[in-house]
Amino acid sequence: MDQPLVADGILKDLEDIVKSSSQAILGLNFLAPRDRQEKVVELKKRLQYAENLYKTIQFESKELETLERQRVQKRSKELHSHVKRMQTELQGSNDRQELLGNQANPGSLGS
């Protein structure tokens, strides 16, 4: 098995997830609350998958030559930092939505 090709394939998947998730997060503000909630759930699942890809690539890269391993690990760590930022952003967005929802329905806190 050609390890650099496997690592590059995983990196490509991770890059695609980061790019598409970033664009989706930007579009959240334009969605109705119900649609936004569904999209947040979908994005959280997608970002969890990205977390799993990151763990996989860290494991796979151990088999690579030193320079190739350094390149793959550096890029995967950059992408992982984007994933973590988006997860934090989604969590913050979710918290704000819950707060706004509770302000709109003050009686819903006790139910």
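Student: Why is Arg-71 called partly exposed?

Tutor: The relative accessibility of Arg-71 is 38%. Buried means under 20% relative accessible area, exposed means over 50%, and partly exposed lies in between (1.4 Å probe, protein chains only). Arg-71 therefore counts as partly exposed. A word on the basis: this is a predicted model, in which local features need pLDDT of at least 70 and side-chain atom pairs count only at pLDDT 80 or more, while totals for chains, interfaces and linings use all residues. Residues are numbered from 1 along each chain as its sequence is written, and side-chain values use heavy atoms, with hydrogens and water left out.

Student: What makes the pair of Arg-71 and Asp-8 a salt bridge?

Tutor: A salt bridge is a side-chain nitrogen of Lys or Arg within 4 Å of a carboxyl oxygen of Asp or Glu. In this pair the closest N and O atoms are 2.6 Å apart. The pair links distant parts of the chain, with Arg-71 in helix α3 and Asp-8 in helix α1 (residues 3-27), 63 residues apart. Helices are DSSP runs (H or I, at least four residues), numbered from the N terminus. Asp-8 and Arg-71 are also linked with Glu-68 in a network of salt bridges.

Student: Which residue forms a salt bridge with Lys-84, and why is Glu-51 called buried?

Tutor: Lys-84 forms a salt bridge with Glu-51, the closest N and O atoms being 3.4 Å apart. Here Lys-84 belongs to helix α3 and Glu-51 to helix α2. The relative accessibility of Glu-51 is 9%, so Glu-51 counts as buried, whereas Lys-84, at 40%, counts as partly exposed.

Student: How do you know that Ser-76 is buried?

Tutor: Ser-76 has a relative accessible area of 0%, and is therefore buried. Ser-76 is placed in helix α3 (residues 66-104). A polar atom of the side chain of Ser-76 lies 3.0 Å from the backbone oxygen of Gln-73.

Definitions and conventions: Helices (H or I, at least four residues) and strands (E, at least two) are DSSP runs, numbered from the N terminus. A polar contact is a pair of N or O atoms within 3.5 Å; within protein, one must be able to donate a hydrogen and the other to accept it, and residues adjacent in sequence count only if both atoms are side-chain atoms.
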